Amino acid sequence: MEKKLAGTAADIKTGIKTTGEKATEKVTAAKASVKTASESVAKTTAAAVKETKAAVEKKVAEVKDAVKAEETKTAAKVEAVKKEAAAEEKKVAAKAEETKAAAKKTVKKAAKKVAEKKEEVLVPEVFIQFNNREDVVADVVERAKAAYVADGHKASAIKSFQVYLKPEDGKAYYVVNQKYAGQVNLF
């Protein structure tokens, strides 16, 4: 039986070697298969990355073109608005000139009417008579003003001027600016 056992041990060794070799072959085959699958996945992933990158770059280019188109449209709209504003400004300026010219005409007409009315103002000539003597009141007022200026005052300083006529004395008394008093001969 030893022989049988010896033969069996050899067969077992051979079987172990064969099983080990088969296992090694299977492992090597599995490694090769994993390596091939890994390379295939890497290639597929690289291809997918390239495709995705190309698609993204294409989309970016499309978006850039769309933005440029919008910028161009916006710039055109801005220019149109600027031109429209300039045209409105010109219209307003022209209307202002028309209004200014019309106002000048109105002012001239009003000034002319005032001047005509001033010309139409009736200025009465007032006389004073006493004991067969006579004088024009306006002349008496002028003599009073002249006397005030002759005393060293300026005619432009006169703000108020009152004249009191006293024919029995033959004098006209005057007060200038409620401060200075003087007299002149009435006749």
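Helices (H or I, at least four residues) and strands (E, at least two) are DSSP runs, numbered from the N terminus. This is a predicted model, in which local features need pLDDT of at least 70 and side-chain atom pairs count only at pLDDT 80 or more, while totals for chains, interfaces and linings use all residues. Residues are numbered from 1 along each chain as its sequence is written, and side-chain values use heavy atoms, with hydrogens and water left out.

The chain contains two helices and five strands. Read from the N terminus, their order is α-β-β-α-β-β-β. Of the 187 residues, 8% count as buried, where buried means under 20% relative accessible area, exposed over 50%, and partly exposed in between (1.4 Å probe, protein chains only). The accessible surface is about 15,800 Å², and carbon and sulfur atoms account for 60% of this surface; such areas come from the Shrake-Rupley method with a 1.4 Å probe, and for residues only the protein chains shown count as cover. Contact means heavy atoms within 4.5 Å. Among contacts between residues at least 6 apart in sequence, 30% join residues at least 24 apart.

Most residues other than glycine have a negative phi. N132 is not a glycine, yet has a positive phi of about 60°. This residue sits in the loop between β1 (127–130) and β2 (133–136). N132 counts as exposed because its relative accessibility is 87%.

Which phi does N177 have? The phi of N177 is positive, about 55°, although N177 is not a glycine. The loop that holds N177 runs between β4 (171–176) and β5 (180–185). With a relative accessible area of 22%, N177 is partly exposed.
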